[in-house]
Amino acid sequence: MRHIISLLMENEAGALSRVAGLFSARGYNIESLTVAPTEDATLSRMTIVTRGSDEVIEQITKQLNKLIDVVKVVDLSDGEHIERELMLVKVRAEGEWREEMKRMSDIFRGRINDVTDKTYTIEMTGAGHKLDAFIGALDKSAILETVRTGASGIGRGDRILKS
């Protein structure tokens, strides 16, 4: 089962390496990883997407809590949460492709951020399945380059990750 683990950690050199090392040492895969400072410059928030049984995720959570740099860990998948991902896609925009790419961008509520005589760069934000659907709807030969951030998530309502 897919899980989104969010954690607060000290914004220190090597902290990310220790978390990634924990996963690799135990043979767990990280599907996506995002990390950035929070409103408190001494703390960073890391969001990890991984797959595993409830027992495996419980073990990962316990191991993360043991790391000295980690302040707090929560599995966002345990409750209601909001999840978003950012994607930039560079596509062909010559001749017949030009209007088609504009139309597809509009349908999926993307924004064209860069225009050249041969390409568009489209920005899209949403749940991973929306971004996957956009890529699936495009002609594969139209896609020149794709960059995705991985998931970021936050609990809904009163569910807050604070130190």
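Visitor: Which residues lie nearest the centre of the largest pocket?

Guide: Rolling a probe the size of a water molecule over the atoms shows where empty space is left. On a 1 Å grid over the protein atoms alone, a pocket is an open set of points where a 1.4 Å probe fits, with protein on both sides within 12 Å along at least five of seven lines, and lining residues have an atom within 4 Å of a point. Here, 16 residues line the largest pocket, and Leu8, Thr38, Glu39, Arg45 and Leu161 are the ones nearest its centre. Two or more lining residues come from each of β2 (32-37), β3 (43-51) and β9 (152-155), and β2 gives the most, with 4 residues. Strands (E, at least two residues) and helices (H or I, at least four) are DSSP runs, numbered from the N terminus.

Before we go on, a word on the model: it is predicted, so local features need pLDDT of at least 70 and side-chain atom pairs count only at pLDDT 80 or more, while totals for chains, interfaces and linings use all residues. Residues are numbered from 1 along each chain as its sequence is written, and side-chain values use heavy atoms, with hydrogens and water left out.

Visitor: How much space lies in the largest pocket, and what classes of residue make up its lining?

Guide: A volume is the space filled by probe spheres set on the grid points, which are joined across faces, edges and corners. For the largest pocket this comes to about 230 Å³. Its lining divides into 6 nonpolar, 6 polar and 4 charged residues. (Ala, Val, Leu, Ile, Met, Phe, Trp, Tyr, Cys and Pro count as nonpolar, Asp, Glu, Lys and Arg as charged, and the others, Gly among them, as polar.)

Visitor: What lines the second largest pocket?

Guide: Among its lining residues are Arg2, Glu83, Glu85, His129 and Ala151. Strand β5 and helix α4 each give two or more residues to that lining, which has 3 nonpolar, 4 polar and 4 charged residues. The volume of the second largest pocket is about 160 Å³.

Visitor: Let's look at a single residue now. Where is histidine 3, and is it buried or exposed?

Guide: Histidine 3 sits in strand β1 (residues 2-10). Its relative accessible area is 2%, so it counts as buried. Buried means under 20%, exposed over 50%, and partly exposed in between (1.4 Å probe, protein chains only).

Visitor: Which side chain makes a polar contact with the side chain of histidine 3?

Guide: That partner is aspartate 75, at 2.7 Å. A polar contact is a pair of N or O atoms within 3.5 Å; within protein, one must be able to donate a hydrogen and the other to accept it, and residues adjacent in sequence count only if both atoms are side-chain atoms. Contact in general means heavy atoms within 4.5 Å. Leaving aside neighbours within four places in sequence, histidine 3 is in contact with residues including Ile48, Val49, Ile57 and Ser77.

Visitor: How many aromatic pairs does the structure hold?

Guide: A pair of aromatic rings is described by the distance of the centres and the angle of the planes. Rings of Phe, Tyr and Trp (its six-membered ring) pair if their centres lie within 6.5 Å; planes under 30 degrees apart are stacked, over 60 edge-to-face, and the rest tilted. This structure holds 2 such pairs. In one, phenylalanine 23 and tyrosine 28 have ring centres 6.4 Å apart and planes at 80°, so the pair is edge-to-face. Phenylalanine 23 is buried at 1% relative accessibility, whereas tyrosine 28, at 23%, is partly exposed. Phenylalanine 108 and phenylalanine 134 form another edge-to-face pair, 5.2 Å centre to centre with 70° between the planes. This pair links distant parts of the chain, 26 residues apart: phenylalanine 108 is in the loop between α3 (96-107) and β6 (111-115), and phenylalanine 134 is in helix α4 (residues 128-137). Both phenylalanine 108 and phenylalanine 134 are buried.

Visitor: What stands out about phi of arginine 109?

Guide: Phi of arginine 109 is near 60°, a positive value in a residue other than glycine. Arginine 109 also lies in the loop between α3 and β6, and at 74% relative accessibility it counts as exposed.

Visitor: And the whole chain: how many helices and strands are there?

Guide: There are 4 helices and 9 strands. Of the 163 residues, 37% count as buried.
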